[in-house]
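Welcome! Please take a moment to look over the sequence and the model, and then we can walk through them together.

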Amino acid sequence: MILDLDIGNTLSKWRLKDADSSEIRSRGAVWTREEWKPGSDIPDLDVVEAVRISSVARQAVLEQTVALLQSRVRSVHVARSVPEALGVVNGYEEPHRLGVDRWMGVLAGYQLAGGCCAVDCGSAITIDFVLPGGRHLGGYILPGLRLMKESLKLGTRNVAIDPDSEAEELLLPGKRTVEAVNHGIYLAAVSAVNRIYAEVCDREGVALPMLLTGGDARVVARGVHSPHAVWPDMVYGGLEACFPLTAAERAGRMSGAPRVPSPAGLEKIRAGLAFSMLL
């Protein structure tokens with residue numbers, strides 16, 4: 001088995017993948033904490049042959065995790081943000097400072113679509129762009145839905161936005177405080193994603209497919225105007241591309257990869273941007 005780990009600021013997500021068939025056998029998540037130890041909420045390391053890790057947690061957390069795994073597993077691969085990989089040139093002036101989860105998303109998106117807008121809707125919402133040809137432009141970071149809610153300190157943090165809610169419903173004025181908060185932060189988030197996407201496509205003169213991942217991807221996607229796809233395993237896709245261990249991965253197939261959405265024409269994107277600037 002292959003254990004893939006995506007260690008975030010809030011959650012550490014994992015999945016077990018069959019090394020022979022490339023099928024996903026199980027998955028789960030635990031709270032990111034000071035020390036990552038095997039237990040009932042994570043997989044049995046006795047069946048794991050190799051581990052691939054993407055981590056944005058504190059360095060001490062990563063070091064403890066790697067030390068634990070290296071004592072139990074034959075092969076441990078840790079992803080790093082580097083100046084260039086898999087045909088993509090990192091757009092950061094100091095490439096190692098780009099969050100590795102964002103780098104994995106960019107690499108996965110580029111392997112799938114040959115240029116894209118990669119949106120990760122987690123504790124923060126990150127929006128990265130990579131052009132056809134592999135030039136990563138850099139990106140944007142804004143507070144995620146939960147972080148925005150917590151910043152208001154109105155006692156609504158534990159009432160999540162229903163991911164099955166219709167976008168039109170979430171854009172209406174709230175008639176209770178929790179609704180007013182949820183609808184307000186939702187509008188702020190999706191407006192930012194829509195505007196940033198249109199601005200960058202307009203400036204670069206290219207219409208890019210949009211791929212969304214992260215815990216709030218489903219709900220944010222409902223308010224996105226441009227054609228898009230939700231890819232829950234996009235960070236894992238980057239790990240697969242960087243460290244291919246199965247026959248399917250070596251052939252370039254990433255687990256759970258969606259059909260690439262056909263972006264709207266550039267003129268339509270520009271028309272929508274011009275209209276929004278008049279409001």
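Is helix 7 mostly covered or mostly open, and how many of its residues are buried? Helix 7 is mostly covered, with 8 of its 9 residues buried. Those buried residues are Met 234, Val 235, Tyr 236, Gly 237, Gly 238, Leu 239, Glu 240 and Ala 241. Keep in mind as we go that this is a predicted model.

Let us step back to see the whole protein. It has 9 helices and 12 strands. Its radius of gyration is 19 Å, close to the 19 Å that the globule rule gives for 279 residues, so the protein is as compact as a globular protein of that length. If you turn the model along its principal axes, the C-alpha trace spans about 60 × 45 × 35 Å. Of the 279 residues, 48% are buried.

Now back to helix 7, and to a helix that touches it. Two packed helices are described by the angle between their axes and the distance between the axes. For helix 2 (residues 100–113) and helix 7 (residues 234–242), the axes come within 7 Å and cross at roughly 75°. An angle from 65 to 115 degrees counts as roughly perpendicular, so helix 2 is roughly perpendicular to helix 7. On the helix 2 side, the contact is made by Asp 101, Met 104, Gly 105, Leu 107, Ala 108 and Gln 111. Helix 7 contributes Met 234, Val 235, Gly 237, Gly 238, Leu 239, Ala 241 and Cys 242. By class, the residues of this contact divide into 8 nonpolar, 4 polar and 1 charged.

A second pair of helices is worth a visit. The axes of helix 3 (residues 145–152) and helix 5 (residues 177–204) come within 10 Å and cross at roughly 130°, which means that helix 3 is oblique to helix 5. The crossing of these two helices is right-handed. From helix 3, the contact uses Leu 145, Met 148, Lys 149 and Leu 152. From helix 5, it uses Val 181, Asn 182, Ile 185, Tyr 186, Ala 188 and Ala 189. Sorted by class, the contact of helix 3 with helix 5 has 8 nonpolar, 1 polar and 1 charged residues.

Buried means under 20% relative accessible area, and Trp 14 counts as buried because its relative accessibility is 8%. Trp 14 and Ala 29 are 15 residues apart along the chain, yet their C-alpha atoms are separated by 5.9 Å.

Most residues other than glycine have a negative phi. Ser 22, however, has a positive phi, near 70°. You will find Ser 22 in the loop between strand 2 and strand 3 (24–31), and at 13% relative accessibility it counts as buried. Leu 86 also has a positive phi, near 50°, and lies in the loop between strand 6 (84–85) and strand 7 (88–89). With 36% relative accessibility, Leu 86 counts as partly exposed.

Terms used:
Residues numbered from 1 in each chain as written. Predicted model: local features only at pLDDT ≥ 70, side-chain atom pairs only at ≥ 80, totals over all residues. Heavy atoms only, no water. Axes fitted to C-alpha atoms, helices over the stretch in contact; angles between N-to-C directions. Helix = DSSP H or I, 4+ residues; strand = E, 2+ residues; numbered from the N terminus. Parallel < 35°, antiparallel > 145°, perpendicular 65-115°, else oblique. Left-handed = near helix turned anticlockwise from the far one by under 90°. Contact = heavy atoms within 4.5 Å. Nonpolar A, V, L, I, M, F, W, Y, C, P; charged D, E, K, R; others polar. Rg over C-alpha atoms; globule rule 2.2 N^0.38 Å. Buried < 20%, exposed > 50% of the residue type's maximum accessible area, 1.4 Å probe, protein only.
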